[in-house]
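I opened the model to look up a helix crossing and a strand pairing. My entries follow in the order I checked them.

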Amino acid sequence: MHSSHESTFTISVDDLDKSLLPKHAQVPNTDAFRDAVTDLIGSEYRQLGGRARVVIDDNAGTIQVTWSQGAGEPDPLDVAITKLEQGEYPEAVRILEILRFQRPQDLAVFYNLGMAMSDMGRLDLALRHLGTALKIAPDHTSSLVGLGVALTRQEKQAEAILTFRKALEQDNDNPWAHRNLGACLLKEEGKAEEAERHLRRAVELLPADQQALFGLGQALLALGREQEADGQFIKVIE
């Protein structure tokens with residue numbers, strides 16, 4: 001099969017996510033490291049229907065990869081996104097980790113990698129990759145919301161609230177920004193009324209979303225509107 005597309009890109013040894021390698025092979029400038037890197041990159045591309053040549057330069061601290069994509073093979077990014085949707089996070093991350101070097105300006109690569117890292121609890125990396133996504137596309141509201149969620153998971157409430165507010169400045173109908181901002185405000189003293197407004201808007205936009213309904217119920221409870229809150233909790237149970 002002739003390759004339809006060949007590309008060469010360089011990975012800095014320092015920037016490679018060492019956790020993708022076996023524990024015994026995570027130290028650069030060792031045979032075990034060189035073998036593990038070659039095997040990781042080669043096997044990923046074989047699974048994607050392509051071939052990779054890997055050249056490791058110990059002195060420069062670089063890994064050069066030349067990848068030939070097989071004709072008619074699916075785009076690796078599509079493969080990674082499908083794996084994320086199926087909950088196959090480690091497999092998806094391995095593909096995305098290599099793609100971020102090959103496609104340093106691809107918003108979808110960094111957004112999906114950041115969201116995956118956030119869901120996996122690797123929050124520093126989530127912030128880094130979502131930050132890169134926002135450098136590529138400052139008006140990408142979904143990346144802002146993802147960044148806010150990662151900040152919330154790091155318990156950086158004030159920063160998260162600012163991030164969700166910024167997302168709503170960009171897109172006032174983003175249900176996830178309303179839902180997450182409402183949840184954050186509910187934890188703040190004296191902000192239940194504003195939280196209720198955002199959570200109510202989230203429910204209008206996502207009428208079947210359990211988290212939005214539950215959050216609205218909690219906000220109504222905090223405001224002493226118990227009967228209305230019960231109505232929301234019943235919808236959650238339904």
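I call a crossing left-handed if the near helix is turned anticlockwise from the far one by less than a right angle, and right-handed if clockwise. The model is predicted: local features need pLDDT of at least 70, side-chain atom pairs pLDDT 80 or more, while totals for chains, interfaces and linings use all residues. Numbering starts from 1 along each chain as its sequence is written, and side-chain values use heavy atoms, without hydrogens and water.

Entry one, helices. I took helices as DSSP runs of H or I, at least four residues, and strands as runs of E, at least two, numbered from the N terminus. The axes of α2 (residues 76-85) and α4 (residues 107-119) come within 11 Å and cross at roughly 25°. Angles under 35 degrees count as roughly parallel, so α2 is roughly parallel to α4. Their crossing is left-handed. For contact (heavy atoms within 4.5 Å), I listed Leu77, Ile81 and Leu84 on α2, and Ala108, Val109, Asn112 and Ala116 on α4.

Entry two, strands. I counted strands as paired if DSSP finds at least two bridges between them. β2 (residues 51-57) pairs with β3 in the antiparallel sense over seven bridges. Arg51 has Ser68 of β3 as its bridge partner. Four residues separate β2 and β3 in their hairpin, and Gly61 in the turn has a positive phi of about 70°.

Key: Axes are lines fitted to C-alpha atoms, for helices over the stretch in contact, and angles run from 0 to 180 degrees between N-to-C directions. Angles under 35 degrees count as roughly parallel, over 145 as roughly antiparallel, 65 to 115 as roughly perpendicular and the rest as oblique.
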